[in-house]
Structure formats: C-alpha cells, structure tokens
Amino acid sequence: MRTARLRTVHPAQRAGWAALAAGAVLCVLGWYGVSGERFAERQLPYLASCTVPGAALIVAAAVLLTHGRDTIAAARVEELYGLLVAAEPETPQEPATAPLAISGDLLMVPGGTLWHRADCPLVAGKVEAVPVDAKLVASGELGACPICEPAEETD
C-alpha cells in the first residue's frame, strides 16, 4: 500500500538546479567571449570573470543536488520505518509448539544421514524413501531428524 503524499522539491535541490543553470550560462558566455578574441591577454578576463566562476557554480550545483537527494532518501527511510513500526502486532504471538510429524513409522532416504517419521516434511511424498534398517540406527550411522524428532526407541 502506497501512501499519498505531496511530492515536494527540497530547497537544496532548487538551489542546486539554479546554480547549475547559472554556471552553464556563465560558461557559455565565457566561451563566447574567449572565442571572439584572438590574443591570449584579451581572453583572460573572460576566463576569470565567466568560465572559472561558471565551473565553480557547476561543482556547487552537483554538491547541492546530491545533498538534496540524500535528504529526500533519509525522509523516505524514516517514513518506511514509521510504517513498519505501525504494522507491528500489539500482542506478541506465541510460537506453535505442535510437532510437525507424529507418525510412528520411520523412513530414511538412501545415502542420507538422518531417519525421519513417515509424515516428516523432509520425506513425505518422496518415492525413494525406504523403511529404516535397525542395524544402521544401532551402529550410529543414522541420526535422528531435527525437524520431526523421532523417538530413538521406536524401530
């Protein structure tokens, strides 16, 4: 669900776009002034008064636009955090303690290292599951499944 909110431009972004436009205009004016002069000593005033300040304004605009985006991103994170906190249930729910499997029949998968109850989710519906060999359990080659927790006394 998206919340309807008015999209506003942060003041730093407005200042950044204005500085970018002013810097671009100054760079174009400086280039135009330099291109009309043949001698280097007559080009220097255009470089000093237009092109260098224009480039500085473009760098300042990049900093301001980046800061404005960071501020907007931080505001969005805060908004999402507020929605997350509001979505938490008021009363904590107790975890289910019912066993996943209660069957008395024990199965194993050939090549596996665990034995399971027949209705364990790890072996339920698997065609390759076979009944447990008591010799493997007695020798300790097979361990009990931690999911369905079969009793070791049953065969």
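**Entry 1: Gln 13 and helix α1**

I began with Gln 13, which, once its neighbours within four places in sequence are left aside, is in contact with Leu 64, Leu 65, Gly 68, Arg 69 and Ile 72, contact being taken as heavy atoms within 4.5 Å. I placed Gln 13 in helix α1, where helices (H or I, at least four residues) and strands (E, at least two) are DSSP runs numbered from the N terminus. Gln 13 has a relative accessible area of 12% and is buried, with buried meaning under 20% relative accessible area, exposed over 50%, and partly exposed in between, for a 1.4 Å probe and protein chains only.

**Entry 2: What kind of model this is**

I noted that this is a predicted model, in which local features need pLDDT of at least 70 and side-chain atom pairs count only at pLDDT 80 or more, while totals for chains, interfaces and linings use all residues. Residues are numbered from 1 along each chain as its sequence is written, and side-chain values use heavy atoms, with hydrogens and water left out.

I then looked up pLDDT, the predictor's confidence in each residue, from 0 to 100: the protein has a mean of 77, and 79% of its residues reach 70 or more. Confidence is highest in helix α1 (residues 11-35), at a mean of 88, and lowest in helix α3 (residues 134-139), at 78.

**Entry 3: Order of the elements**

I listed three helices and four strands in the protein, and from the N terminus on these elements run α-α-β-β-β-α-β. Of the 155 residues, 19% are buried. Among contacts between residues at least 6 apart in sequence, 59% join residues at least 24 apart.

**Entry 4: The salt bridge**

I searched the whole structure for salt bridges, each a side-chain nitrogen of Lys or Arg within 4 Å of a carboxyl oxygen of Asp or Glu, and found one. Arg 42 forms this salt bridge with Glu 37, and the closest N and O atoms are 3.7 Å apart. Arg 42 is exposed, with a relative accessible area of 51%, whereas Glu 37 is partly exposed at 23%.

I followed the four strands, which form an open sheet of mixed pairing in the order β3-β1-β2-β4, two strands being paired if DSSP finds at least two bridges between them. The edge strands, each pairing on one side only, are β3 (130-131) and β4 (143-144).

Strand β1 (residues 106-108) pairs with β3 in the antiparallel sense over two bridges, and β1 also pairs in the antiparallel sense with strand β2 (residues 114-117), over three bridges. I traced Met 108 in both directions: its bridge partner in β3 is Val 130, and its bridge partner in β2 is Trp 115. The hairpin of β1 and β2 has five residues between the strands, and Gly 111 in the turn has a positive phi of about 90°.

I took a nonpolar core to be a set of buried Ala, Val, Leu, Ile, Met, Phe, Trp, Tyr and Cys residues joined through side-chain atoms within 4.5 Å. The largest one has six residues, namely Leu 107, Cys 120, Val 123, Ala 129, Cys 145 and Cys 148. A second, separate core of five residues includes Leu 106, Met 108, Trp 115 and Val 132.

Leaving aside neighbours within four places in sequence, I found Val 123 in contact with Leu 107, Val 109, His 116, Arg 117, Ala 118 and Ala 129. Cys 120 is buried at a relative accessible area of 0%, and Cys 145 counts as buried at 2%. I searched the whole structure for disulfides, pairs of cysteine sulfur atoms within 2.5 Å, and found zero.
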